[in-house]
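Good morning, colleagues. Please look at the sequence and the structure as they come up on the screen.

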Amino acid sequence: MVEPYSLSRKLFVGCNYTVLALISIFCILPLLHVFAVSLSSSQAAAAGYVKLWPVDFTMKNYEFVAGKSEFTRSLLVTLKRVGIGVPLNMLLTVLIAYPLSKDSLHFRPRTAYAWVFVVTILFSGGLIPLYMAVKYTMIMDTIWALILPSAVPVFNVILMLNFFRNLPKELEEAAFIDGAGHWTTLWKIYIPLSMASLATVTLFATVGHWNSWFDGMIFMNSPTHYPLQSYLQTVVINQDFSLFTSGRIKDFSNINDQTAKSAQIFLGALPILLVYPFLQRFFIKGVVLGSVKE
Amino acid sequence: MERRLSYKKYRNLPLHLMILPGLLLVLIYCYGPMFGLVISFQKFIPARGIGGSEWIGWENFRYVFELPGFTKVLWNTIFISFMKLFANLLVPIVMALLLNEVRKEAFKRGVQTLIYLPHFLSWIILGGVLIDILSPSQGIVNEILAWVGIKPIYFLGSNAWFRYVLVGSDVWKEFGFNTIVYLAALTGINPSLYEASIVDGANRWKQTMHVTLPGIVPIIVLLSVLSLGNVLNAGFDQVFNLYSAQVYETGDILDTFVYRIGLLEAQYGVATAIGFFQSVVTLAFISLSYYLAYRFANYRIF
């Protein structure tokens with residue numbers, strides 16, 4: 001499409017670029033501000049001098065956070081949770097999506113199975129009954145309470161199965177003629193062909209586990225078992241000082257509350273900020289392939 | 001014949017085996033709780049369990065609907081979720097149209113990368129950020145307002161502002177992500193339509209109005225219909241992390257209400273009854289919306 005650029009068109013293009021640039025900066029300004037506060041001295045932050053650039057640059061806040069046993073302990077819980085939870089999510093996603101991607105002519109119970117899983121997005125027992133289910137299965141206060149209830153990510157299964165369905169049927173037929181069974185077909189043909197989608201779904205699962213906090217708060221009786229985000233909830237949002245011993249409170253007031261919080265907020269977001277730029281190209285492709293069907 | 005049948009059965013066995021682990025987990029942690037809904041008809045006492053608690057029929061439901069605060073909470077939920085629904089539909093469409101006019105690929109990708117980012121951060125992180133920047137005494141937003149001569153506003157503690165902060169920050173978090181789908185739909189528009197419209201003398205604005213917008217109408221219809229299922233879901237994570245007793249008046253939603261009644265006040269039967277009500281309404285709306293989506297946009301989830 002080659003068009004002559006009229007004056008009004010040029011004007012529009014200029015404005016458009018400016019507006020879009022402003023909007024995208026606006027999306028990260030608040031984060032930059034918090035980052036700047038976390039690198040500033042407590043006096044400068046308390047006096048409100050810090051805008052987008054650190055004032056009296058210091059790493060003291062990060063040293064303080066790194067030395068806090070609550071922080072490192074909850075970080076370990078989250079790492080454990082991601083380490084077990086994400087592979088389990090992925091395994092179950094693939095194992096469910098593959099059979100459901102078959103058409104019901106060849107795998108008749110497919111529709112029934114599909115409904116069993118879809119109903120769980122449509123209808124749920126709610127908070128209290130879930131709490132009881134976790135309690136009765138005796139995983140309360142263990143890492144499994146954070147992993148098992150959300151082990152089957154139905155939304156990701158749907159993304160994955162839509163992707164599988166778009167793979168050429170001939171590949172599968174050829175594999176069967178060569179003597180492969182379903183397991184071989186899945187591992188040797190479907191998985192290698194689905195890397196973009198798998199990367200997307202892995203990103204979703206990882207972000208999901210990294211970000212969840214509510215299950216940590218209700219299923220973990222002892223705050224020492226809190227994952228990182230649940231712990232951050234108590235310090236950054238709630239300021240529940242009952243969690244600290246009296247010595248801790250003094251410790252806490254020595255270092256400015258605001259700068260320490262900012263450092264923790266930033267650390268809580270850091271892994272996502274690091275991984276995200278590399279994976280985001282995948283997920284645009286992955287999401288779109290899975291969601292928009294013509 | 002019989003041999004072929006048994007062969008087929010055997011051949012699909014791996015498929016059943018693959019589903020089995022996921023099925024078991026779903027039965028325990030999704031269907032189990034659904035059966036747990038019976039406690040909304042009980043005066044539930046945890047020590048006695050479901051078998052030992054007294055059955056009281058619809059008493060919990062009656063109690064909930066007669067609670068003085070309940071209608072307010074219900075109204076807040078609907079009000080907030082509708083505002084979000086509308087804003088989250090409108091902003092991404094405008095954004096996608098603007099991005100679509102950008103010819104420099106690198107710039108486009110840069111903008112996309114930045115606007116998706118907040119979607120991937122938790123409401124704990126974003127809540128912490130918002131509490132910090134919106135604070136009436138030290139927040140950077142109020143400092144900027146002070147330059148223009150506006151008195152500090154306690155955004156998160158004011159009933160006049162709280163809902164709009166919720167909607168605004170939700171749009172801020174999600175608009176980039178929602179834009180993806182529209183951009184994808186835009187790339188699917190047949191280029192010959194544009195060529196034809198240019199031959200007919202349409203300028204860019206007319207092309208946008210008569211080719212681009214109609215081209216994405218199906219996806220707009222689809223997404224708005226599907227989001228109907230969320231009428232009773234105004235966003236627990238966000239509200240819970242931003243609200244305080246001062247703004248219960250305008251910010252308390254069903255989910256936060258259930259949390260307080262259920263877990264903090266230990267009225268399990270009552271809280272489950274509210275959750276049950278919520279699930280039934282949600283189910284009705286989702287079913288309706290999927291039916292509408294199927295009817296008008298020919299959409300099926302799987």
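First, some conventions. This is a predicted model, in which local features need pLDDT of at least 70 and side-chain atom pairs count only at pLDDT 80 or more, while totals for chains, interfaces and linings use all residues. Residues are numbered from 1 along each chain as its sequence is written, chains are lettered from A and ligands numbered from 1 in the order in which they are written, and side-chain values use heavy atoms, with hydrogens and water left out.

Let us begin with the interface. Contact, meaning heavy atoms within 4.5 Å, links 96 residues of chain A with 87 residues of chain B. Between them the two chains bury about 8,500 Å², with 76% of it on carbon and sulfur atoms; buried area is the accessible area (1.4 Å probe) that two parts lose on being put together, summed over both. Of the area that chain A buries against chain B, A:Tyr17, A:Phe123 and A:Ile128 supply 8%, more than any other three residues.

What salt bridges does the rule find across this interface? There are two, a salt bridge being a side-chain nitrogen of Lys or Arg within 4 Å of a carboxyl oxygen of Asp or Glu. Over all chains, the structure holds nine. One pair is A:Arg9 with B:Glu101, whose closest N and O atoms are 3.0 Å apart. This pair crosses between chains, from helix H1 of chain A to the loop between helix H4 (70–100) and helix H5 (105–116) of chain B. Helices here are DSSP runs (H or I, at least four residues), numbered from the N terminus. In general, side chains of opposite charge can pair when their charged atoms come close.

Finally, the backbone. Phi of A:Asp56 is near 50 degrees, a positive value in a residue other than glycine; A:Asp56 lies in the loop between helix H2 (42–46) and helix H3 (60–66) of chain A. For A:Asp141, phi is near 70 degrees, again positive in a residue other than glycine, and A:Asp141 is found in the loop between helix H6 (127–136) and helix H7 (144–147) of chain A.

Definitions and conventions. Helices (H or I, at least four residues) and strands (E, at least two) are DSSP runs, numbered from the N terminus.
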